[in-house]
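Student: Hi! Could you walk me through this one? I'd like to go piece by piece.

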Protein chains: 2
Amino acid sequence: MAAFRSTAPHIREGIDRLAKTAVHVGLNVRHGQQVIVTAPLDAVELVRRIAEHAYAAGASLVTTLYGDDDATLARYRHAPEDTFDTAATWLADGMAQGFRDGAARLAVTGGNPSLLKGQNPERVSRASRAASIANRPALEIITSFAVNWNIVAAATPAWAAEVFPGEPEDVAVTKLWEAIFAASRVNGADPVAEWAAHNEQLHRRAADLNARRFAALHFKGPGTDLTLGLADGHLWVGGSSEAKNGIVCNPNIPTEEVFTTPHAQRAEGRVRSTKPLSYQGTLIENIEVVFKDGRIVEAHATQGEDVLRRVLDTDEGARRLGEVALVPHSSPISRSGLLFRNTLFDENASSHIALGQAYSECMTEDGGRSPEDLARRGANSSLIHIDWMIGSAETDVTGVGADGGETPLMRGGEWVEAV
Amino acid sequence: MAAFRSTAPHIREGIDRLAKTAVHVGLNVRHGQQVIVTAPLDAVELVRRIAEHAYAAGASLVTTLYGDDDATLARYRHAPEDTFDTAATWLADGMAQGFRDGAARLAVTGGNPSLLKGQNPERVSRASRAASIANRPALEIITSFAVNWNIVAAATPAWAAEVFPGEPEDVAVTKLWEAIFAASRVNGADPVAEWAAHNEQLHRRAADLNARRFAALHFKGPGTDLTLGLADGHLWVGGSSEAKNGIVCNPNIPTEEVFTTPHAQRAEGRVRSTKPLSYQGTLIENIEVVFKDGRIVEAHATQGEDVLRRVLDTDEGARRLGEVALVPHSSPISRSGLLFRNTLFDENASSHIALGQAYSECMTEDGGRSPEDLARRGANSSLIHIDWMIGSAETDVTGVGADGGETPLMRGGEWVEAV
Ligand SMILES: [Zn+2]
Ligand SMILES: [Zn+2]
Ligand SMILES: [Zn+2]
Ligand SMILES: [Zn+2]
């Protein structure tokens, strides 16, 4: 496992800067706050630096829940058929309690994107559905932005092998760390200041879109002709924002998107994915779906179609949209030319939409944010939230006003106007 | 980290046999049962084999909560002074819920026995007290034997360095694995059958002691002259036994002891420890205490006395006894001549007593097992349960009947009669 080997000094320093950024920019840990970290075992070096920075920032206790791809595979290899609907509800409930008691949430991503490739899709779907149900209370706390939270990435051998196929393991891991550092904007001398400037830019873009009050967006590109109604009182959000516990944090590192809530009943047309989607260990490629009244009525993929279909069958909300996000094609991640096969990165290289649960922070407060209010205003709800990429250098995005007036927003994948 | 390096084939095979024994003898996992494993990060090889055997035995989900000595140290180095009373109550409550929902409990021991040596004892004691309070609900489920549970050991570099000081890391780790395999009785071709025979032997010894119905035990040796009253309706237990969920399991691997419940108000005299006690990262050496009416009224140690005193101040029950156990000096662990600095091993090399919480399975059912019944009958209760070793080749143990009649049980550390 490369993460345990002696690492080149510039990688060790990058890991430390990334940990510092996750703690100070991502979470903005408050004195006395607990931190709950989830991470793959191979991320232990980053996690240890995160623990140091978190304690130095005043954290009272950092608890890391490590996941192990090997143990997950052992389940698929050895467990009895009738046990795949089981989830660790006790652990998910414990985490939810931790958040309710004020803990911050830090997720380290970086597991094998194709871990479950070749496993029985019905088992994958049953296990994943059980986990989604168990995690719902904790996910609701996160999606309602009750506490400060952050996702950050660690390079692991299994992931690196997919991004840099053919390279020796240590070369691939080093290259992936370098790509993560660049995308996460931690290569400069003062990442915290750099993130302040980047957040400022995203805040200006979101404010501009909020001032225009579009009723819908129109996406046009190869295989795509989609009109997305926006939820009543939708709010564009981007970069850092304030959680309900009063802490200003950056939920994603990296982040390049401004995003808001589409209306769950108002998507019409067809859309084709522009990058593969890695979903719980399966790659889903070349998704093509047709929307009618906000609902997916036709769905195809050239790879992983069975998994996609099962995802759509999770619940009624899984066939509707909970997020639309705009990302210029010239974003640093896109310019790296890499396909990360990890949503945190690939979604920030491309405009995207998400199946499933909406974020209530992407809705104005004045229309009410009770579950009934949110539903009435068009915000979707579901056990899942899955982003997939629909933007490219050939994508045009047009804002449509309540009066039908059209405003070009993106042409050829780039913003028409600077902010 | 040596546990991640390529390991010699005989060690790999031993780890697999140990994992199989932990699953089939230790836990006796039931089809469809969840398993909650706690382990140090360095135990990942053993944990992965445990996951495989557990799934193959029918487990529905194996969840491992990894602890990291490095992250624990980071807390002592960097966290603010005012945060050391914090514990992961959310996680302890989650585990307790898991047990109430039927999960089995497997603890892998093997962390650095001296991890917290040199840390501020007041901080150590505050953190440990907070953890004890948080863990109380889960511990009560375990001590009341509601579910099948097991503790088993993994060799880690930090532990191996203390058992084999001066050896190179890989040599020390290999030697420690070999010592663990021997002590855990997994070196033969059929460890499961070997454990059946060993359990039979321990059952016979416990039955013999139960038939005699002693009122007290008298320990005599260098620095020791102690009379321990036994609880009313105490029960001797040893080897495998049946948890309340109906599963017959072996809570400790290794185990060489027969043990029962002393009366919390009836210890008189003085006792000197015969081996160092490793308690949450601190070594406590040469303990000498004086009991009066079951309560420790004087306590000294040549090393770790401050930690010992803080332990005794945890609560009223921490100064009284919850267990007495008899182990012949000729036990395989004792014959290895090694000081493991880990209670699971050292307590099985020597007769011992435990401060704190009693095990209700060591009390007959007919006298009642409600907390009030147990207290009335003399069973101690406390946040802690800490075994320390008082037996040696010079220890004599005598059974005292209700009528004052004396029966020699052990002379020179050995059983007087075979069973
Ligand atoms: Zn997004
Ligand atoms: Zn999203
Ligand atoms: Zn014992
Ligand atoms: Zn004990």
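Predicted model: local features only at pLDDT ≥ 70, side-chain atom pairs only at ≥ 80, totals over all residues.

Student: Okay, metals then. Which residues are the protein donors of the zinc ion (ligand 1)?

Tutor: They are Glu257(A), Glu323(A), Glu347(A) and His352(A). The glutamates use OE atoms and the histidine uses NE2, at 1.9 to 2.6 Å from the ion.

Student: And how are those donor residues spaced in sequence?

Tutor: The pattern for the zinc ion (ligand 1) is E-x65-E-x23-E-x4-H. Glu323(A) in strand S16 and Glu347(A) in the loop between helix H11 (343–346) and strand S17 (352–356) are 24 residues apart, and this pair links distant parts of chain A.

Student: Why is the arrangement around the zinc ion (ligand 1) called irregular?

Tutor: Because its 4 donor atoms subtend angles of 71 to 146°. To count as tetrahedral, four donors need all angles between 85 and 135 degrees. For reference, the ideal angle for four tetrahedral donors is 109.5 degrees.

Student: How far apart are the zinc ion (ligand 1) and the zinc ion (ligand 2)?

Tutor: They are 3.4 Å apart, with Glu323(A) coordinating both.

Student: Let's hop to chain B. Which residues coordinate the zinc ion (ligand 3)?

Tutor: Glu257(B), Glu323(B) and Glu347(B) coordinate through OE atoms and His352(B) through NE2, at 1.9 to 2.7 Å. Along the chain, these donors are spaced E-x65-E-x23-E-x4-H. This site is irregular, with angles of 70 to 142° among its 4 donor atoms.

Student: Which residue coordinates both the zinc ion (ligand 3) and the zinc ion (ligand 4)?

Tutor: That's Glu323(B), and the two ions are 3.4 Å apart. Distant parts of chain B are linked here too: Glu323(B) is in strand S16 (residues 321–326), and Glu347(B), 24 residues apart from it, is in the loop between helix H11 (343–346) and strand S17 (352–356).

Student: New topic! How many residues does the contact take from chain A and from chain B?

Tutor: It takes 42 residues from chain A and 42 residues from chain B. The two chains bury about 3600 Å² between them, and 65% of that is on carbon and sulfur atoms.

Student: How many salt bridges are there across that interface?

Tutor: There are 4. One salt bridge joins the side chains of Arg48(B) and Asp70(A), at 3.8 Å from N to O. There are also 12 residue pairs in polar contact between the chains.

Student: Which elements of chain A supply at least two residues each to that side?

Tutor: Strand S1 (34–40), helix H2 (44–56), strand S2 (61–67), helix H3 (69–78) and helix H4 (89–100). The largest share comes from H4(A), with 8 residues. By type, the side of chain A that touches chain B has 21 nonpolar, 14 polar and 7 charged residues.

Student: And how many salt bridges over all chains?

Tutor: The count is 40. One pairs Glu140(A) with Arg136(A), at 3.2 Å from N to O. These two are 4 residues apart in helix H5 (residues 121–143) of chain A, which means about one helical turn separates them.

Student: Last one: where are the cis peptide bonds?

Tutor: One joins Ile253(A) and Pro254(A), with omega about 5°. Pro254(A) is in the loop between strand S9 (248–249) and strand S10 (258–260) of chain A. In chain B, a cis peptide bond joins Ile253(B) and Pro254(B), again with omega about 5°.

Student: And what is phi of Phe145(A) near?

Tutor: It is near 60°, a positive value in a residue other than glycine. Phe145(A) lies in the loop between H5 and strand S4 (149–153) of chain A.

Terms used:
Residues numbered from 1 in each chain as written. Chains lettered and ligands numbered in written order. Heavy atoms only, no water. Contact = heavy atoms within 4.5 Å. Buried area = accessible area lost by both parts, 1.4 Å probe. Polar contact = N/O pair within 3.5 Å; in protein donor to acceptor, adjacent residues only side chain to side chain. Nonpolar A, V, L, I, M, F, W, Y, C, P; charged D, E, K, R; others polar. Donors = N, O, S within 2.8 Å, 3.2 Å for Na, K, Ca; no water. Tetrahedral: all angles 85-135°; square planar, octahedral: opposite > 155°, others 65-115°.
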